[in-house]
Amino acid sequence: MQTLDNLKNATFKILTSSSTGSGFYFKNEDIIITNHHVVQGYKKVAIEDANQNRTLAKVILINPDIDIAVLKTEAPLTIEDSFSINSSLTLATRQKVYALGYPFGMPFTITEGIISNPEQHMNGKHFVQT
């Protein structure tokens, strides 16, 4: 079972010379997912774990339209914790959610909130409003 402590271990700080962000490790695919705006213009970035250990990762896929980027580390990661995608998950108004990461390069944070609107549409795109 995934706990917030396990997910902390699978959350990475992404570092470039011009920005920082958060990335999330998916062990089954051996990838880290982050935002395109964090790695925009870079082919390689540094990633840092909760213990401040750093390694390099390649940017292997980007989609600027939905602000997603996929990273692959040059050396295999040896952590057991991982994020996973639950394709049967249904989102509902007032459902509790957590935001994990390294906002603005700060130390690891966890923020609790709720879903305000699971189907917010803006500019032809679908968002989950929290």
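Phe-83 is buried, its relative accessible area being 16%. The model in which this residue is described is a predicted one.

**Ring pairs of Phe-83**

The structure contains three aromatic pairs. One of them joins Phe-24 and Phe-83 in an edge-to-face arrangement, with 5.2 Å from centre to centre and 75° between the planes. Phe-24 belongs to strand β2 (residues 20-26), whereas Phe-83 sits in the loop between β6 (68-73) and β7 (96-101), so this pair ties together parts that are 59 residues apart in sequence.

Phe-26 and Phe-83 also form an aromatic pair, which is tilted, with 6.1 Å between the centres and 40° between the planes. Because Phe-26 lies in strand β2 and Phe-83 in the loop between β6 and β7, the pair ties together parts that are 57 residues apart in sequence.

The ring pairs link Phe-24, Phe-26 and Phe-83 into a cluster.

**Accessibility of the cluster**

| Residue | Relative accessible area | Class |
|---|---|---|
| Phe-24 | 22% | partly exposed |
| Phe-26 | 11% | buried |
| Phe-83 | 16% | buried |

Buried means under 20% relative accessible area. Phe-24, at 22%, therefore counts as partly exposed, while Phe-26, at 11%, is buried. Phe-83, the loop residue between β6 and β7, is likewise buried at 16%.

Key
Residues are numbered from 1 along each chain as its sequence is written. This is a predicted model: local features need pLDDT of at least 70, side-chain atom pairs count only at pLDDT 80 or more; totals for chains, interfaces and linings use all residues. Side-chain values use heavy atoms; hydrogens and water are left out. Rings of Phe, Tyr and Trp (its six-membered ring) pair if their centres lie within 6.5 Å; planes under 30 degrees apart count as stacked, over 60 as edge-to-face and the rest as tilted. Helices (H or I, at least four residues) and strands (E, at least two) are DSSP runs, numbered from the N terminus. Buried means under 20% relative accessible area, exposed over 50%, partly exposed in between (1.4 Å probe, protein chains only).
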